[in-house]
Amino acid sequence: MLHKCVKIIIFLSTTLVFTGLAYSFYSGKLALPEAAPPVGWQTSVKQGNSVLLQFYKNEAAIVLDHCNTQKALYMGTMIVYTDTAFMDGSEPLVYHGNEELNSLVLLYKIGSLFGEQEVYVSYDGGFTYTIFYVASTTMQILGGIYRLPVSGNTVALVQDEQYNFYFRNTENWATSQLSESFPLRDPLYMLEVILVAGLRGHLIVWSPQMLLYSPHDGTVLVPVSEFGHEDSAVPPPDVIVKRVTTAGNGAIAVVTSDGGLYYGRLGLKAVVVKFPTNILEKFGLYPDRVMYFDEYTDLVFLEPMFDQHENRVNFRHSHVHVQQQLTQTSAPVISCPVERFSGDFDGKLFYIDKGDSLKLSLDYVPTPNCPFFPVVTLTNADALHTEELIVMDGTTPDGYKTFIMKIGVKLSTAAEADIEEKGLVTISVDLMEREVSCNNVNPQKVHVMMACPPGKHIRVMRNSTACTRGTFTPEQLNNFTYTIPKEVYDPDLLFRPNKAERDLTVKYSYFHHICPLLVYYDMPWRPTFELWDGDTFVEVVKADFVMYEAHGMHNYKYLQTAKTAKCVSQPQDWISMLQKTPYSAWSKQNYRSCKDYNGPPLTNPDAEYQVLSQNSRNKIVFSNYNGMYLFTAVVVDPHYSFCTLTTTFSVYVYGAFPKRILPYGVLCAIFFAILTALLLIGYLRQQNILTKVLRT
């Protein structure tokens, strides 16, 4: 099975199917076909009830799985999958007509005005479609729709009336020009966008007469120039670009129509060096031949060879050794003046939550008189803030000074204040003015996801439980069933008294809730929660939270009122917040602190204050009731975490006096009658003793 980070573009009869949107690195386009397919489109070949898959372009392409360098797709007149880096032969892929395609499908028409078409989206592999809303104007032409990996925006590549192109946000069209305008030099349908693997947010935009580079998710576009001729853009006059390929470490290779082969490293500058080899004279560049970088960052030209007898496709590999070519370039390429440049973070992915920080470290060993120094860049500088410190760490045996660059990363003030997750940012550390001779000195990059870390959760602190105090044993709780009287719960979970028609029998789940906390009924109580990241304790949660009983029990109150909690606006409560279920009713998305002066006026200062926190005096007060409660707690402070932090736990309340069976007046009468009888008995006994004394 293909890894999810690969995108496949295939042509089935008259439909283009696109799968694996999330992390795709090859930019193909989807289109609704006209009555007659455009020039260059393939027709599918049927084999019985099956369809032989073919790429829709007349030039082959390759899709690498950058999560596993051994896996890839060759796409041409046949589509071939390999998990051995094309070292072994493979059968062409065939669609049998009965697979379920479980990914996103977009359908739209390239080169048409927005006002004359609709974009369709399918989330079930193309079986059903809905209209994908794209705000638009009628005078702009669609070139493609892309999901930018850093900003998370779904953007459209458009052409305006002046024959310029740029990216626009599909959700906020009026103020959504995300990139600068750039003049088109070829028809819009010939424009290709490559999302560079390993350097999320770095883009290559090219067409036959244009080659542009963006290190900032498309917001800035700069022409790629030739080393030694920085004033000259690639391709040169009267020459067109034929092929472009990139690697995860930032390497880029470009083949032009005159046989030129250019090589460079994407970083702070967009510069490529021209190799001496004429690639057309050496290998030729046929429609079925593709180019890619291998694991050593050498270029490989791949040519399929179909064996009709075995129905298999074998591949011929032709190599271009990059380091060897660099030593033979006509422009003098000086030797790399850096001995070592490596970070402990290269290629890794980190999550950063509110209040969190990252500490990264990079080793840097320059040669004497080296003019280069490390520079940190971010694909979204509005979301993250970095601080750098370079310190000398020692010397090498050759006498070179060694340095350590320490990088601190944290959320920006704006990102800390935002409730929603901010997505992905790529932080790159590269050498200022690094030349192409530093072929083995790769930019060090780290991907930072500003979102909830997958393992972050809260747990209730268990200082005293019903098991540790001997009230229950785990064996008893495994088969424990208890009854909630109808007077103390609401079956609709709206906490309304006297709404239940019958008592509720509940089977306790020891597997989910372990031993319940033990709480004395007459003591105001508040649980304490711990924040954990996986199995690592982080801190005690001091953020605001709310609680509700999972079965609708309402026989408890809160210690504080709006007045005693010193609220300046009317506080929220469960009755006003409830919609469908308590879990969705009150959350960090809709929470408003009563300490906010911009809230509604404080009209009922005696209202219960139902928000709890370790920093407040508010607690829960139980009624005269012995029994089990099952509470769910939700952290509602929007500034505490990107995570939705919630947990469910059990509490056993004990120590309450039994309920009175008879009315109070009857009980008093019985009490006084018993007291009178006891006094009478005592008096008679005293009289009997006195009589005996007198007789003697």
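This is a predicted model: local features need pLDDT of at least 70, side-chain atom pairs count only at pLDDT 80 or more; totals for chains, interfaces and linings use all residues.
Buried means under 20% relative accessible area, exposed means over 50%, and partly exposed falls in between, using a 1.4 Å probe and protein chains only. Residues are numbered from 1 along each chain as its sequence is written, and side-chain values use heavy atoms, with hydrogens and water left out. A search of the whole structure turns up 3 disulfides, a disulfide being a pair of cysteine sulfur atoms within 2.5 Å.

**Cys452 and Cys643**
- The sulfur atoms of Cys452 and Cys643 sit 2.0 Å apart, making a disulfide.
- This pair joins distant parts of the chain, 191 residues apart: Cys452 is in the loop between β36 (444-450) and β37 (456-460), and Cys643 is in the loop between β46 (627-635) and β47 (646-654). Helices (H or I, at least four residues) and strands (E, at least two) are DSSP runs, numbered from the N terminus.
- The link of Cys452 and Cys643 is right-handed, with 100 degrees about the S-S bond.

**Cys467 and Cys515**
- Cys467 and Cys515 form a disulfide with 1.8 Å between their sulfur atoms.
- Cys467 lies in the loop between β37 and α4 (474-478) and Cys515 in the loop between α5 (510-513) and β40 (517-520), so the bond ties together parts 48 residues apart in sequence.
- The link of Cys467 and Cys515 is left-handed, at -80 degrees about the S-S bond.
- Cys515 counts as buried because its relative accessible area is 8%.

**Cys567 and Cys594**
- Here the sulfur atoms of Cys567 and Cys594 are 2.2 Å apart, again a disulfide.
- Cys567 is in the loop between β44 (556-558) and α6 (574-577), while Cys594 is in the loop between α7 (582-585) and β45 (620-622); the pair links distant parts of the chain, 27 residues apart.
- The torsion about the S-S bond of Cys567 and Cys594 is about -65 degrees, so this disulfide is left-handed.
- Both Cys567 and Cys594 are buried.

**Glu420**
- Look for Glu420 in the loop between α3 (413-417) and β35 (423-431).
- With 46% relative accessibility, Glu420 is partly exposed.
- Leaving aside residues up to four places away in sequence, Glu420 touches Gln589 and Phe642, where contact means heavy atoms within 4.5 Å.
- Glu420 and Met450 are 30 residues apart along the chain, and their C-alpha atoms are separated by 9.5 Å.
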